[in-house]
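I'd like to walk you through one model and a few of its details.

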Amino acid sequence: MRERKQEKIKNKTLKEPTAPAVPEAGLSTPEAQERLKQYGFNEIAEKKSHPILKFLGFFWGPIPVMIEVAAVIAAVIHRWDDFYIILAMLLLNAGVGFWQRQKADHAIDLLKQKLALSARVRRDGQWLEVAARELVPGDLVRVRLGDIVPADLQLLSGDYLLIDQSTLTGESLPVEKPPGEVAYSGSIVRQGEMDALVINTGMNTYFGQTAKLVDEARTKSHFQKALLKIGDYLMLVGLGMVLIIFLVSLYRHQNILHTLQYALVLIVAAVPATLPAVLSVTLAVGAGVLAARGAIARKMAVIDELAGMDVLCCDKTGTITQNALTVGEVKPFGGFSEPDVLRFGTLASRKEDNDSIDVAIIKKDQEMAAAGSPQDYSIQAFKPFDPVSKRTEALVEAKDGHSFRVTKGAPQVILALLEESAPVAKEVDRLVEECATKGYRALGVARADTRGPWQYVGLIALYDPPWEDSAATIKTAQDLGVQVKMVTGDHVAIAQEIAREVHLGTNIQLVDAFLDKPDRIAERVVEEAEGFAQVFPEHKYHIVELLQARGHIVGMTGDGVNDAPALKKADVGIAVDGATDAAKSAAAIVLTQPGLSVIIDAIREARKIFQRMNSYAIYRIGGILRVLFFITLSLVIFNFYAVTAIMVILQVLLNDIPILSIAYDNVRPDNDPVRWDMRVVMSVATYLGLMGVIFSFVLFYIGLEILHLEQGSLQTLNFLKFTVSGYLYIYMGRTRGMFWSLKPSALMVWSGVVSRALATAIAVFGWWVPPISWQLAGLVWGLAVLELLITDPLKVVLYRILNHTGIIFHR
């Protein structure tokens, strides 16, 4: 399949119009607006279904088809009341599903706007940051390390670009692109920096022409898979009960059409029809809360994984620290002065790139008012930073015509440039260690005449202080059962100093401690370490891999293009605030606010979502088992139809629609990572279901043997019992303690009260069912309350037994 896709892509005819020549100042604003009208926005047109077609789509599928068949049979046997109610249920299910789909589509559109790519473009003689969708053919743009190429570009000036275009062509290795070649939209810049001319935008790009060949893989989380298994299990139980009812009815020579209708409606009762709606509403509400707090979930399924995350590997810079570098100290060498070090460092920087290191050095240079001005120098060529060379370099021409080179980068990298480094090597090592003990990061600066040797000008010590709440946030994470491991490319002494400041622990390991070691040793080292220093981006992937091998659910933060593999490999990949476009695309969660506290808020919210879904699962399984077993046993043992078809439909509507309010329920998140444990869910749900069957037969016995009610009144009595006591199951299922130990949300309470009042009115006034007296309705309510008071304490005992026997999981 992949080969076929590549062949189709390679056979595409690329449309590469020659854009008109553009002056160095770039397009003017009026020109850009005129071309925007001509070419349209730089975006891929999405094929969206008409709302009517979307709505009609909800009438197709296993659940709608079963309801439709039940409606047809009701019409065939002239049970028009049943027909209209079943039809109403069908329309209501479709309406709720359509409404949720529209809300989800709207939410996705908003998230896309927040995650929209940006581009550096030259307009009216100035470099600006604009939304990539506003680019037009003829624009001058600058792309650099970590950028996703925003449109098809003709590369103009710069040394080279190393571009990863595997998502377009399937090529596994990055491709080098010199000036004059085309960089295609959607590819990722791995190294280098160049100015370029936009030649194609939107659907005219290479990516636009091939986008329809690419299908996005939709993965389901462990949680979603578990819920689908619940649905399959209940369907199988329902089909088994239907088979029993059908065989018994055949044996007793009962009317086949009536039996078939009853059997089909019984299946409807067995199907958790609200499962998709509850899942989507709960996740959507949770995602909305996360987004409001600065964490955008690009994949809804990641919320489930976040609830179970027990290890968080987070970058030091920008997550634990502020990523707001300031110059702490300047150490000149030889005959150079502090202003010299800062001036040469400034010349090896580029202000328009808005790099934090460059900004800090330029700002300090301006404060010291060193001799001369940056305007006294002309940059002839500039080589930007890349992870391989670990330095920047510029060719500079002074006002007097003299040319020289400057560079800045890692101290040891700068040291390696010197022909004779021995005299200064020890001093560099000593000062780097000294800076590290203060939590400073040293940067080397060197200069050289055009053809002369490099001279070590000095060191610039940069300091990135921790966020004020980092220590408290890390303590909170540990209290929540999440082990925080700091990951940094800085010197081990810097990592240990920052770790001490935030009370993280100082067991900081170098990558040599686990690289090229046997798996058993490497896994133990990584698991026990409290942080890692001098880490390259490719090492992050290995750290995640080793932790996952030990059974951990791992979160990993990142911001750079080379962090993308680790972010994809992690169970919870988190792109921090200010991350590159490539990192955002690879991550499952994108932070829009700096710091670690955003992640902690996300963990808490994810665990709340888990609790709500766990409550729903227990409620849904227990309630369905109660109805199925009681109806089947009533028919098999007593030859009595416990409820009519219309009653089953009504109780499904009255119980399932208000349960959507569980998405807003008050919950108490666990203090430990949570995981989906079907043994506990099935044990508790089965217990609740069996207790429901027992109390249903108690009511049946009272009505039949003591009150001598006729069949219609008994059926209405059972209907009201299913509806009233059924909803109380959610209060028993939502907490492991007594039902009053955790206050439910007002929405959940009132949705239940209103729907129970409506059910009582239906039973008493005889709407679609034989009427019963207020006294009988009071009997049902009293028995339901008694069931709650007896079943709930025994539920607490059951949880203690499960905990004592080790069935309940503890990390």
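A word on the ground rules. This is a predicted model, in which local features need pLDDT of at least 70 and side-chain atom pairs count only at pLDDT 80 or more, while totals for chains, interfaces and linings use all residues. Residues are numbered from 1 along each chain as its sequence is written, and side-chain values use heavy atoms, with hydrogens and water left out.

So, the overall picture. The protein has 28 helices and 22 strands; these are DSSP runs numbered from the N terminus, with helices being H or I of at least four residues and strands being E of at least two. Of the 811 residues, 53% are buried. Here buried means under 20% relative accessible area, exposed means over 50%, and partly exposed lies in between, with a 1.4 Å probe and protein chains only. The accessible surface comes to about 36,100 Å², and carbon and sulfur atoms hold 58% of that; the areas come from the Shrake-Rupley method with a 1.4 Å probe, and for residues only the protein chains shown count as cover. Among contacts with a separation of 6 or more, 73% are between residues 24 or more positions apart. Contact, throughout, means heavy atoms within 4.5 Å.

Now to the helix pairs. Two packed helices are described by the angle between their axes and the distance between the axes. The axes are lines fitted to C-alpha atoms, for helices over the stretch in contact, and the angles run from 0 to 180 degrees between N-to-C directions.

How do the axes of α25 and α28 cross, and at roughly what angle? Helix α25 covers residues 678-706 and helix α28 covers residues 774-804; their axes come within 10 Å and cross at roughly 150°. The two are therefore roughly antiparallel to each other, on a scale where angles under 35 degrees are roughly parallel, over 145 roughly antiparallel, 65 to 115 roughly perpendicular and the rest oblique. The crossing of α25 past α28 is right-handed, that is, the near helix is turned clockwise from the far one by less than a right angle, with anticlockwise being left-handed.

If you'd like to find this contact on screen, look in α25 for residues including V684, L688, M691, F695 and L699, and in α28 for residues including L783, L786, I790, L794 and L798. By type, the residues of this contact divide into 18 nonpolar, three polar and two charged. For that count, Ala, Val, Leu, Ile, Met, Phe, Trp, Tyr, Cys and Pro are nonpolar, Asp, Glu, Lys and Arg are charged, and the others, Gly among them, are polar.

Next come α23, residues 597-638, and α24, residues 645-656, which pack at an angle of about 165° with their axes 13 Å apart. That makes α23 roughly antiparallel to α24. On the α23 side we have Y619, R620, V627 and I631, and they meet V648, Q651, N655 and D656 of α24. This contact divides into four nonpolar, two polar and two charged residues.

V648 is buried, at 4% relative accessible area, and its C-alpha atom is 9.1 Å from that of F722, 74 residues away along the chain. Over in helix α26, residues 711-733, we find T723. Is T723 buried or exposed? T723 is buried, with a relative accessible area of 0%. Leaving aside neighbours within four places in sequence, T723 is in contact with Q651, L654, N655, R756 and A759. The C-alpha atoms of T723 and L654 are 6.9 Å apart, although 69 residues separate them along the chain.

One more helix: α13, residues 338-347, has seven of its ten residues buried, so it is largely enclosed by the rest of the structure.

Finally, the loops. N639 sits in the loop between α23 and α24, with a positive phi near 50° in a residue other than glycine, and N639 is partly exposed at 39%. H503, in the loop between α18 (492-501) and β18 (508-510), also has a positive phi, near 60°. At 61% relative accessibility, H503 counts as exposed. G505 is found in the loop between α18 and β18 too, and is partly exposed at 22%. Beyond residues up to four places away in sequence, G505 touches A499 and E530.
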